[in-house]
Amino acid sequence: EASPPPPFENIPLVRFDRLVQFFNTRRDVEVPSANANCSARGLAKVAAAMAGRGKLNGTKILSSEGWKALHSKPTRKTIFGTMPTRFTQGGVNIVGVEGTGPENEKEARLHNLIKSLTGFVGWLGLGGSIFQWHPRREIGFAYIPTVVDWSDLTNSKGMRLQQCAVKCIEALDGEGRLSDSVMSSEEN
């Protein structure tokens, strides 16, 4: 049996510049919820399978029981004092806005952006990446910037792209599902 990889060393979490440098230069390491080395296309396929309750094009990547467990027992918290979260026991966030409204204009923009993405499940990564799916609308979405963008701590750039993708899908039939004519033309 292979031995586990060695622990990370000399990565001071209080030195944000060193942390960003670590994530932008190390491709030999993957950390859960951080630094996945993959393409947005590949991650979007996994998100599409998650939107399909663990299946994509007939291939099962997660059992029904596993999918339900991943999405169960959400707990309400706030990150950075402004971003509402509902993390499940599986470590993914169910996106939604609840409670009191925003207190200032900056919070209002983020609040409205998050509100437009209610129902997505997944996670936003440090530096702008997004890995989320919407089970009801059957949408999988992934966005991965080339390098960590430490200036976008709320992932607003990726969320705006995600919001545009949702609007495009909604424009197809008004309900967020691909129409039969679109699906049949893709299969041919």
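Q: Is Cys168 buried or exposed in this model?
A: In this predicted model, Cys168 is exposed, with a relative accessible area of 52%.

Q: How far is the sulfur of Cys164 from the closest cysteine sulfur?
A: The closest cysteine sulfur to that of Cys164 belongs to Cys168 and lies 6.7 Å away, which is too far for a bond, because a disulfide calls for two cysteine sulfur atoms within 2.5 Å.

Q: Switching topic, what does the chain look like in terms of helices and strands?
A: The chain has 6 helices and 8 strands, and along the sequence they follow the pattern α-α-β-β-α-β-β-β-α-β-β-β-α-α.

Q: What share of the residues is buried?
A: Of the 188 residues in the chain, 30% are buried, while the accessible surface of the chain comes to about 12100 Å², with 54% of that surface belonging to carbon and sulfur atoms.

Q: Which residues have the most contacts inside the largest nonpolar core?
A: That core has 13 residues, and those with the most contacts inside it are Leu117, Phe120, Ile130 and Met159. The elements that give two or more residues to this core are α4 (105–116), β8 (139–143) and α5 (156–173).

Q: Going back to Leu117, what does it touch?
A: Leaving out residues up to four places away in sequence, Leu117 touches Val95, Met159, Gln162, Gln163 and Val166.

Q: Gln162 is in that list; which side chain does it join in a polar contact?
A: The side chain of Gln162 is joined to that of Gln132 by a polar contact of 2.8 Å.

Q: Where is Gln132, then, and is it buried or exposed?
A: Gln132 sits in strand β7, which covers residues 130–134, and it counts as buried because its relative accessibility is 3%.

Q: Which other residues is Gln132 in contact with?
A: Once neighbours within four places in sequence are set aside, the residues in contact with Gln132 include Ala47, Val95, Phe120, Val121, Trp123, Leu124, Ile139 and Phe141, as well as Gln162. Among these, Phe120 is one of the residues with the most contacts inside the largest core, whereas Ala47 and Val121 belong to the core of 9 residues.

Key. Residues are numbered from 1 along each chain as its sequence is written. This is a predicted model: local features need pLDDT of at least 70, side-chain atom pairs count only at pLDDT 80 or more; totals for chains, interfaces and linings use all residues. Side-chain values use heavy atoms; hydrogens and water are left out. A nonpolar core is a set of buried Ala, Val, Leu, Ile, Met, Phe, Trp, Tyr and Cys residues joined through side-chain atoms within 4.5 Å. Buried means under 20% relative accessible area, exposed over 50%, partly exposed in between (1.4 Å probe, protein chains only). Helices (H or I, at least four residues) and strands (E, at least two) are DSSP runs, numbered from the N terminus. Contact means heavy atoms within 4.5 Å. Accessible areas come from the Shrake-Rupley method with a 1.4 Å probe; for residues, only the protein chains shown count as cover. A polar contact is a pair of N or O atoms within 3.5 Å; within protein, one must be able to donate a hydrogen and the other to accept it, and residues adjacent in sequence count only if both atoms are side-chain atoms.
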